[in-house]
Amino acid sequence: MKNFLYKALSLLLALALAVSLAVPVLAAPVALTEEDTTTSEPITPEVPTEEPEEPAEPETPEDPTEEEPGEEEEAAEDTLVLEETNCTARIGQYQTLSLTAPAAAVKNGETDVSAQYTFTYAWMDQDRKPLSEEISAQVTSAFQGQITALCTVTARNNDDPDKTLSASCSYIIDVLPGTVLGAQVEVSAEGITLDQLLDLEGKHSVLDQLTQGVDEDPMTPAIPGLTHVEFLPDTITGGDAGTLNVTAGTAYRLEGENPLSAVTFTPAAPGTYEIHFLAYGDDTCYGQLEIVVTEAAPDDGAIHCGSAGFTFNGSDFFHSDDADPVESIVFGAPSAGRLLRGFVKGSGIPDQGARYYTDSAVHGDYHVSTLSYLPAAGYSGQVTLPVTLTTRSGQVLEETILIDVTSKTVSDYFTDVTETTVGSWAANAVDFAYECGLINGIGGDRFGPDASMTRAMLVTVLYRAAGSPEVTITTNFTDLDVGSYYYEAVVWANVMGIVNGITDTTFSPDGPVTRQQIAAILYRYADAMGALSQAEGNLNAFTDKDSVESYAVVPMTWAVGRGIITGTTDTTLSPQSHATRAQVAVMLHRYLIGQ
């Protein structure tokens with residue numbers, strides 16, 4: 001029975017479906033052709049039985065320029081915009097790279113409102129340790145690889161100090177094997193090639209420095225397998241000093257097309273020309289070439305120099321076309337200043353009447369190019385230097401060399417060391433320290449003479465003056481950055497007993513040094529170098545002598561007696577005042593060269 005009912009129901013459903021499929025589906029009216037109009041009945045549309053709805057009133061669009069009463073348009077916010085937020089750079093190992101913060105502006109919509117703000121900068125290294133609070137920072141790495149630096153720019157509203165904006169730029173720096181090449185040349189209308197352009201000592205050409213290195217200077221190693229060099233013209237500084245005839249993207253080779261030996265520098269004006277380059281050999285090496293251009297000396301028979309003195313050359317005495325050329329010289333004592341042999345980084349061995357040879361040292365120990373003359377710190381005037389010359393035939397001649405020493409009031413390298421700043425008393429010392437590679441600038445062409453000298457900076461200067469000895473030990477100081485420019489210097493100075501920590505485990509590298517601390521550090525440095533003289537004199541001329549702490553009394557007496565430190569006035573010593581970079585340069589100059 002159930003099966004019957006089920007079959008009947010299924011049949012009814014099938015029948016209903018068939019009926020529904022047979023009913024035509026209404027669709028949109030179809031346009032009729034001319035043939036259709038003659039045979040088809042017109043279709044009468046159904047008339048709706050309901051009243052049509054009244055059409056809605058069209059809405060009037062709101063006037064975008066009108067506002068409801070009491071409402072104001074929301075003001076645009078000030079935004080700090082940096083020209084760049086990610087930068088890349090390259091540097092050579094142990095070289096110092098100056099990074100400059102990107103250009104910053106505060107915008108309100110399209111309007112520049114930067115004048116309403118004061119900008120400050122905070123640089124940090126990859127370990128989040130502070131580097132600088134200036135617009136630029138210097139980065140040095142003892143390790144090859146990749147390092148980073150971060151610059152945070154803060155804009156503080158001048159009328160509302162609580163309103164601040166900040167943005168950051170990150171710098172990715174590739175540290176490659178590095179080399180530093182140096183040369184010195186006088187102003188001239190004629191160019192000089194790299195294989196003729198000599199270093200400050202007149203011993204090594206720029207090309208020799210690249211291919212052979214300089215044994216006594218670890219900063220100038222030979223480039224193994226050197227094939228070619230690519231100069232980077234966008235890194236040029238001091239372009240007014242001269243012109244190097246190179247173009248970007250060109251490979252200058254040891255052999256073949258575009259020979260490196262034909263690259264020419266034309267010195268135009270006194271100053272320092274610097275350009276960076278990439279040297280390709282067994283490894284890619286990042287280098288910098290620095291050429292010091294000096295004023296052409298007047299032809300008056302005298303040797304002209306500044307506070308950094310000069311190094312003799314064999315060509316000063318030996319002339320191959322002479323009938324009886326000079327082969328050796330013995331120097332007497334100069335009327336002012338000192339003669340130092342092997343002068344490097346501000347120090348050397350005092351000459352004591354040794355014999356120097358002009359063409360080669362096969363007959364003795366020393367070539368004349370190993371001897372330098374250094375004026376006394378702050379000296380200006382003419383110096384007489386007696387010499388005894390021996391010719392090839394054995395003839396002995398007694399002569400006197402005249403040396404004109406010019407004192408500077410303006411730095412040749414830094415625009416912020418002038419007569420109106422600290423130039424009148426510090427320009428000689430600043431340029432001396434810079435030319436000796438002891439103290440660098442703070443970025444661009446600025447020295448920062450009034451900035452405080454930090455403990456790390458001072459120790460690094462003395463480490464360089466000592467020849468940057470190799471360091472193979474570690475330290476207990478926990479606040480030192482292992483990859484920083486000062487790390488090896490601090491470790492070395494601590495082991496040598498030159499500096500102590502603030503505590504057993506902290507050194508405080510960024511802490512500023514005081515005048516009495518500098519006296520103590522220089523005193524210990526002289527002792528470590530075996531050059532400590534007896535402390536002479538007293539501090540009785542200074543009314544604040546009792547403010548010198550006990551640990552610094554003997555060093556301060558020694559420093560004052562040697563003329564290394566003088567009073568800040570005729571009657572005050574200011575032992576606990578912080579020392580500036582310019583003051584330290586002067587103290588260091590006096591210590592290394594003497595009064």
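Here are the ground rules, then the cysteines, then the pocket.

This is a predicted model, where local features need pLDDT of at least 70 and side-chain atom pairs count only at pLDDT 80 or more, while totals for chains, interfaces and linings use all residues. Residues are numbered from 1 along each chain as its sequence is written, and side-chain values use heavy atoms, with hydrogens and water left out.

Cysteines. A disulfide is a covalent bond between the sulfur atoms of two cysteines. Here it is counted as a pair of cysteine sulfur atoms within 2.5 Å, and the count is zero. Take C87: its closest cysteine sulfur is in C169, 3.7 Å away, so too far for a bond. For C151 the closest cysteine sulfur is also in C169, at 6.9 Å, again too far. C87 is buried, with a relative accessible area of 13%, and C151 is buried at 0%. Buried means under 20% relative accessible area, with a 1.4 Å probe and protein chains only.

Now the second largest pocket. A pocket is an open set of points, on a 1 Å grid over the protein atoms alone, where a 1.4 Å probe fits, with protein on both sides within 12 Å along at least five of seven lines; lining residues have an atom within 4 Å of a point. How many residues line this one? There are 45, and L131, S132, Q138, M457 and Y485 lie nearest the centre. β8 (136-140) is one of the elements that supply at least two lining residues, and β8 gives the most, with five.

Methods
Buried < 20%, exposed > 50% of the residue type's maximum accessible area, 1.4 Å probe, protein only. Helix = DSSP H or I, 4+ residues; strand = E, 2+ residues; numbered from the N terminus.
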